[in-house]
Amino acid sequence: MEKKLPEKWIEVKLIHILKRFENGRRPKGGVQGILEGIPSIGGEHLDSNGGFKFEKIKYIPEKFANTITRGRIHKNDILIVKDGATTGKTSFVDERFPFDLAFVNEHVFICDTHTCVNSKSIFYYLFSKEGNNRILENFTGSAQGGINQKFASNTLIPLPPRAEQDRIVAKLDTLFGQLEQINKSLEHIPTLLKNFRQQVLTQAVTGKLIGKSNFTTLGKLDIKIKTGPFGSALHKSEYIENGIPIINPSHIIKGEIIPNESITVSLSKSKELERWVLKNNDVILGRRGEMGRCSLYKEEDGKMICGTGSLILQGNNKISPIFLDFYLRSSFCIKYLESNSVGSTMINLNQKIINSLPFPKITREDQEKSVKHLNNLFTKADAIEAHYEALKTKIEDLPQAILHKAFKGELVPQLESDGDARELLRDIERVKKKLKLKKKLKLKKK
């Protein structure tokens with residue numbers, strides 16, 4: 001590895017650049033039920049971006065905190081999860097850390113570097129994929145195992161000269177700040193696309209997309225409605241694995257039918273339920289709970305049966321099945337169904353409500369024309385979404401690519417005036433000796 005490093009870099013053991021390396025502790029019996037005091041930071045409070053999340057903060061009593069001699073968090077500390085499923089997760093304590101006084105618990109290590117070193121540069125390396133892999137090389141035990149104190153002596157890190165460390169950190173801070181701004185801009189796109197789809201859907205199904213918006217009701221258009229099997233027709237005890245699927249509202253997700261292999265019936269039972277077997281171009285609608293769960297059934301999807309919690313709606317020469325499917329999923333229709341549904345604990349639909357549902361007074365030809373417009377717009381929205389997802393993936397991969405470049409010495413230039421990391425290591429050793437000497441003098445005075 002050292003041969004691959006830039007000329008004035010060296011590889012050192014992590015422990016050689018630390019002045020404080022420790023974990024904390026909590027009172028005997030834990031911290032359950034303690035609602036105030038001094039924050040106790042555990043592995044669950046470190047996020048995957050090198051920062052923190054404090055939704056479920058825990059506390060240790062102030063009296064107990066006054067007795068602790070290790071584990072206090074200071075600015076510029078590097079925190080590393082030492083055991084459990086998130087072993088090796090690493091975060092940095094900067095000016096955004098909200099607590100003046102806080103401690104880590106027994107599941108987190110504090111790595112406090114000597115002042116000769118830019119602690120954030122060490123954090124950035126340990127946060128990188130390579131750095132994290134080096135930490136996890138020390139993992140011992142089962143899935144609930146972890147790393148112990150020896151990991152700091154066993155983990156090698158690249159050490160540039162101090163001036164270059166500062167430039168690397170400045171560059172990384174700038175680049176990651178820019179990525180954060182890009183992510184904030186991009187995070188609005190899914191909502192914008194969702195709103196766009198819903199707006200054009202509403203315009204299409206209310207006739208506005210083709211300039212017609214008079215209404216009648218579904219009942220006046222002679223629509224056929226079937227409610228799923230009730231009472232003795234179908235019992236839960238008759239469900240088997242991998243049979244003919246029963247389709248209830250929970251199996252209709254984002255306009256698609258996604259059966260549950262455990263909620264099916266035998267072939268012989270399906271023949272008893274022939275009345276509720278879905279036919280090509282039937283629209284199946286969830287009648288309980290969340291409104292707008294519906295899908296257009298196609299016979300190539302295989303045999304399926306309408307469940308107790310669903311309704312079958314069949315189009316005719318006046319109603320296009322695909323238009324009806326779009327209509328029932330529109331916010332316009334969902335609002336009507338929600339406001340007219342019955343029941344208190346769980347809202348419910350019946351045939352009377354469906355028959356009274358306002359429906360655009362447009363010909364089947366115009367309905368199909370609206371569907372064509374709608375599909376064209378949805379195709380464009382899908383293309384934008386695909387570009388967004390591809391860009392998002394690239395951006396998610398960028399931080400690690402940048403860190404890899406940084407610790408190969410390719411992110412910022414090496415300058416002759418930077419000196420040599422070997423001299424930096426000697427400075428650290430001199431500081432260590434001074435600290436040891438001061439400690440001895442203190443003990444003598446005592």
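User: Which element gives the most residues to the lining of the largest pocket?

Analyst: Happy to start there, with the note that this is a predicted model. The largest pocket holds about 1,100 Å³ of space. Its lining takes two or more residues from each of β6 (90–92), α2 (119–127), α3 (129–136), α5 (162–186) and α11 (364–406). The element that gives the most, with six residues, is α5.

User: How many residues line that largest pocket, and how do they divide by class?

Analyst: Around the centre of the largest pocket, the nearest lining residues are D47, N49, G50, G51 and F127. These five belong to a lining of 37 residues. By class, the lining has 13 nonpolar, 13 polar and 11 charged residues.

User: Which residues are closest to the centre of the second largest pocket?

Analyst: The second largest pocket has about 810 Å³ of space. Of its 23 lining residues, the closest to the centre are R197, Q198, K254, G255 and R329.

User: Good to know! Which elements give two or more residues to the lining of the second largest pocket, and how many of its residues are charged?

Analyst: Two or more lining residues come from each of α6 (189–205), β13 (252–253), β17 (294–296), α8 (321–329) and α11. The lining residues of this second largest pocket include 10 nonpolar and four polar ones. The number of charged residues is nine.

User: What do the buried residues of α6 pack against?

Analyst: The buried residues in α6 are L193, R197, V200, L201, T202, A204 and V205. Beyond the helix comes G207, with a positive phi near 90°. The packing partners of the buried α6 residues are α8, α9 (331–340), β20 (358–360) and α11.

User: Is K254 buried or exposed?

Analyst: K254 sits in the loop between β13 and β14 (256–257). Its phi is positive, about 50°, although K254 is not a glycine. The cut-off for exposed is over 50% relative accessible area. K254 has 80%, so it is exposed.

User: And D222, is that residue buried or exposed?

Analyst: D222 is in the loop between β10 and β11 (224–227). Here too phi is positive in a residue other than glycine, near 60°. With 52% relative accessibility, D222 counts as exposed.

User: Which residue of β8 is the bridge partner of I78?

Analyst: In strand β5 (residues 78–81), I78 and I80 point one way, L79 and V81 the other, and all are buried. β5 pairs in the antiparallel sense with β6 over three bridges, and I78 stands opposite F92 there. Four bridges join β5 to strand β8 (residues 108–113), again antiparallel. In β8, the partner of I78 is C111.

User: Which residue of β19 is the bridge partner of I284?

Analyst: I284 belongs to strand β16 (residues 283–286), where I284 and G286 point one way, V283 and L285 the other, and all are buried. β16 pairs with β17 in the antiparallel sense over three bridges, with V283 partnered by L296. Four bridges join β16 to strand β19 (residues 310–314), which runs antiparallel to it. In β19, the partner of I284 is I312.

User: Which are the edge strands of the open sheet of three strands?

Analyst: The order is β15-β12-β18, with mixed pairing. Strand β12 (residues 244–247) pairs with β15 in the antiparallel sense over two bridges, and P245 stands opposite T264 in β15. The edge strands, each pairing on one side only, are β15 (264–265) and β18 (305–306).

User: Last one: is T216 buried or exposed?

Analyst: T216 lies in strand β10 (residues 215–217). Leaving aside neighbours within four places in sequence, T216 is in contact with L221, L357, P358, F359 and K361. Buried means under 20% relative accessible area. T216 has 15%, so it is buried.

Methods: Residues are numbered from 1 along each chain as its sequence is written. This is a predicted model: local features need pLDDT of at least 70, side-chain atom pairs count only at pLDDT 80 or more; totals for chains, interfaces and linings use all residues. Side-chain values use heavy atoms; hydrogens and water are left out. On a 1 Å grid over the protein atoms alone, a cavity is a set of points where a 1.4 Å probe fits but cannot get out, and a pocket is an open set with protein on both sides within 12 Å along at least five of seven lines; lining residues have an atom within 4 Å of a point. Grid points are joined across faces, edges and corners, and a volume is the space filled by probe spheres set on the points. Ala, Val, Leu, Ile, Met, Phe, Trp, Tyr, Cys and Pro count as nonpolar, Asp, Glu, Lys and Arg as charged, and the others, Gly among them, as polar. Buried means under 20% relative accessible area, exposed over 50%, partly exposed in between (1.4 Å probe, protein chains only). Two strands pair if DSSP finds at least two bridges between them. Contact means heavy atoms within 4.5 Å.
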